[in-house]
Amino acid sequence: MDTEFGRDFITITDEDGVEYELEILSTVEYNGALYYALAPADTDEDEELEVSVLKAVEEDGEEILVAIDDDDELEKVYELLIEQMYEEEE
């Protein structure tokens, strides 16, 4: 994972070599793992925001982001992100 654009933006490369520029909306820890709420960096204000939640794992000494396959895990992380968002608003 490369933080080429600064602390709020990252560039990731998928398994096909396609690069994506993403904005880090939030992070949360759950069961000792770090999760990222991400959105495309080039979304217009008129477009609906597509948010992805990915899990950071270490592979070959490098941090990579992976999809969350477990529905219960994804639901809990989503709940934590929503709670965090409401806490920040207050």
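Here is a chat about the predicted model shown above.

Visitor: Before we start, what kind of model is this?
Guide: A predicted one, where local features need pLDDT of at least 70, side-chain atom pairs count only at pLDDT 80 or more, and totals for chains, interfaces and linings use all residues. Residues are numbered from 1 along each chain as its sequence is written, and side-chain values use heavy atoms, with hydrogens and water left out.

Visitor: OK, how many helices and strands are in the protein?
Guide: One helix and five strands. They run β-β-β-β-β-α from the N terminus on. Helices (H or I, at least four residues) and strands (E, at least two) are DSSP runs, numbered from the N terminus.

Visitor: And what order do the strands take in the sheet?
Guide: The sheet is open, with the order β1-β2-β3-β4-β5 and antiparallel pairing. Since you'll meet the word again: two strands pair if DSSP finds at least two bridges between them.

Visitor: Which strands stand at the edges?
Guide: β1 (9-13) and β5 (62-67) do; each has a single partner strand, so one side of each is left without a neighbour in the sheet.

Visitor: How many bridges do β2 and β3 pair over?
Guide: Eight, in the antiparallel sense, with β3 covering residues 33-40. Threonine 27 stands opposite tyrosine 36 in β3.

Visitor: Let's pick a residue. Where is serine 26 found?
Guide: In strand β2, residues 19-30.

Visitor: Is serine 26 buried or exposed?
Guide: Buried, because its relative accessibility is 17%. Buried means under 20% relative accessible area, exposed over 50%, and partly exposed in between (1.4 Å probe, protein chains only).

Visitor: What does serine 26 touch?
Guide: Tyr35, Tyr36, Ala37, Leu81 and Gln84, not counting residues up to four places away in sequence. Contact here means heavy atoms within 4.5 Å.

Visitor: New topic: how many salt bridges does the count come to?
Guide: One. A salt bridge is a side-chain nitrogen of Lys or Arg within 4 Å of a carboxyl oxygen of Asp or Glu. Here glutamate 73 pairs with lysine 55, and the closest N and O atoms are 3.2 Å apart.

Visitor: Where do those two lie?
Guide: Glutamate 73 is in helix α1 (residues 71-89) and lysine 55 in strand β4 (residues 52-59), so the pair ties together parts that are 18 residues apart in sequence.

Visitor: Are they buried or exposed?
Guide: Glutamate 73 is buried, at a relative accessible area of 17%, while lysine 55 is partly exposed, at 22%.
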